[in-house]
Amino acid sequence: MRSFNLFIFCLVLILIQLSVLGSFVSPARTPNLILVLAVSLVVYQGFEKYLGWIIFSGFLLDIGASWPLGSTSLLLILIALGIDRLNAVSNIKSRHLLFYLSLAVIFALSLFIFDWASVGLLNIERYFLKNNQLISFPVEINFDYFLKSAYTILGGFVIYFIIRKLEANDFPKIFQQKTSG
Amino acid sequence: MKFSLSKKTWKFIFAIILLIIVILVSSRGADNPAKGFMLTIASPFMKTFRIFSGGAAGFFDFLGSIGDLKRENEELTRENQGLLAENARLKDTEKENEILRGEMKLAPREKYDLEASFIIAQDPGSRGNRFLIDKGKNSGISENMPVIVSGGILVGKVSEVFSDTSRISLITDQGSAVNAEVIDSGAKGIAKGTFGLSLMVDMISQTDVIKEGDEVITSGLGKELPRGLLIGKIGKIDQSQDKLFQQATILNPVDFLDLRVVFVVKKFGNP
């Protein structure tokens, strides 16, 4: 049941990322919910347990994107492994404020790495396809990017909270009562 | 010396190799069966989510803009009066044009065969320059078809087609290039997307006279796009880096962030 809830949660997040956020925030400020989902999963219980889910959510995002299938999953796995190595994060889970501060830093840092790496990956692909139109824009650190990071961190906290509840199997209670009966 | 890797490392290596293989073998566009299949399934959900979110966003915008409505209403009334006068003049010109075309035995201008489509999703890696629409190959859409709004304002082209969805690239997309013409002077150039959601017209000869506010349309050269689609109005004029050509920013009347419905031009005929 936990897997099913997580599956539905991934699908809803993808739909929100692709179809909903664009109506409310400009593209330069759109948070990356799939990235924070992957990061939250790894921070919550480690890289190994959620490897399949990280690949799955990456694939879902690739469906709506113009880059090759598998690109997002690859980037997510690399970032997830990096976070997994930060054992310190798991050691400070008990100290709430410090933990959430670290989580915010990790979300922001992951976003920055993801954005740079995705431009790099696309340019590598274009180079091999002999496409001269390499993407020249850098990830600009401006007010828009600050807001994007802030929204991503905010979204990350919400997603982390939901994952904790889903994994503790006490959310959503109404749904569980209906299905268990 | 025994060299061994942990189970976790093996999983990681296996996943990386698998994903690199998937990336290498996965093709783009309609040839990609996985993307096409998943988009067919997801398309109705995307459309529903987009419509509801668009409605909610519109409601919040409305609440926030109540104070501006009175001023906007006055401006629109003034603009409407001007447009009524212009409409009357254009009707007269249209009649005259019909008579002249008849005299000169020219074929009447063909109307566009349009396919109305909803925007259902935004390409996450495109910074707002690419969208998914809810019509695809099954509705007769193919690559490079022009995409317009409001009966004749060019917004982009179809860049990828799946069975029930398509991806459109806006004219503001980096790499987008459209043959353009300035109506007043007849100056020809290339309208291309620049960084972000802006547009510019380049390669205008130094001998051509262009000024701010001139309208820029598609020239119809290359036969990919019909002639006469509005691209925008000339903004700031500048020289190209090598000083051989003039270039200018284009102010497009469309709010690309607020696009809900677009029209794909399936068939057209340049006069």
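Eleven of the 13 residues of helix α2 of chain A are buried, so this helix is largely enclosed by the rest of the structure. Here a residue is buried if 20 or more other C-beta atoms lie within 10 Å of its own, exposed if 12 or fewer, and partly exposed in between, with C-beta atoms placed from the backbone. The buried residues of α2(A) are L33(A), I34(A), L35(A), V36(A), L37(A), A38(A), V39(A), S40(A), L41(A), V42(A) and V43(A). Before going further, please note that this is a predicted model, in which local features need pLDDT of at least 70 and side-chain atom pairs count only at pLDDT 80 or more, while totals for chains, interfaces and linings use all residues. Residues are numbered from 1 along each chain as its sequence is written, and chains are lettered from A and ligands numbered from 1 in the order in which they are written.

Back to α2(A): from its first C-alpha to its last the helix reaches 18 Å, close to the 18 Å expected at 1.5 Å a residue. That expected span is 1.5 Å times one less than the number of residues. Helices (H or I, at least four residues) and strands (E, at least two) are DSSP runs, numbered from the N terminus.

Which helix does α2(A) pack against? The axes of α1 (residues 2-24) and α2 (residues 33-45) of chain A come within 9 Å and cross at roughly 150 degrees. The axes are lines fitted to C-alpha atoms, for helices over the stretch in contact, and the angles run from 0 to 180 degrees between N-to-C directions. The crossing makes α1(A) roughly antiparallel to α2(A); angles under 35 degrees count as roughly parallel, over 145 as roughly antiparallel, 65 to 115 as roughly perpendicular and the rest as oblique. On the α1(A) side the contact is made by L13(A), I14(A), I16(A) and Q17(A), and on the α2(A) side by L33(A), I34(A) and L37(A). Two residues are in contact if their C-beta atoms, placed from the backbone, lie within 7 Å. By class, this contact has six nonpolar, one polar and no charged residues. For these classes, Ala, Val, Leu, Ile, Met, Phe, Trp, Tyr, Cys and Pro count as nonpolar, Asp, Glu, Lys and Arg as charged, and the others, Gly among them, as polar.

Another helix of chain A to look at is α4 (residues 71-85), which has 15 residues and reaches 22 Å from its first C-alpha to its last, close to the 21 Å expected at 1.5 Å a residue. Its buried residues are S71(A), T72(A), S73(A), L74(A), L75(A), L76(A), I77(A), I79(A) and A80(A). Stepping back, chain A has eight helices and zero strands. Of its 181 residues, 40% count as buried. Among contacts in chain A with a separation of 6 or more, 67% come from residues 24 or more positions apart.

Chain B has three helices and twelve strands. Buried residues make up 33% of its 271 residues, and 57% of its contacts between residues at least 6 apart in sequence join residues at least 24 apart. The chain is divided into domain 1 (65-103) and domain 2 (177-251), with bounds from an automatic or database domain assignment. The centres of these two domains, taken over C-alpha atoms, are separated by 25 Å.

A few residues of chain B deserve a visit. A116(B) is found in strand β1 and counts as exposed, with 12 C-beta neighbours inside 10 Å. Leaving aside neighbours within four places in sequence, A116(B) is in contact with V261(B) and F263(B). Its C-alpha atom is 6.5 Å from that of V264(B), 148 residues apart along the chain. N144(B), in the loop between β2 and β3 (146-149), has a positive phi near 75 degrees although this residue is other than glycine. M203(B), in strand β8 (residues 199-205), also has a positive phi, near 65 degrees, and is partly exposed, with 18 other C-beta atoms within 10 Å.

Finally, how do the chains meet? The contact takes 40 residues from chain B and 33 residues from chain A. On the side of chain B that touches chain A, the elements giving two or more residues are α1 (7-25), α2 (33-64), β1 (113-122) and β2 (130-133) of chain B. Among these, α2(B) gives the most, with twelve residues. By class, that side of chain B has 20 nonpolar, ten polar and ten charged residues.
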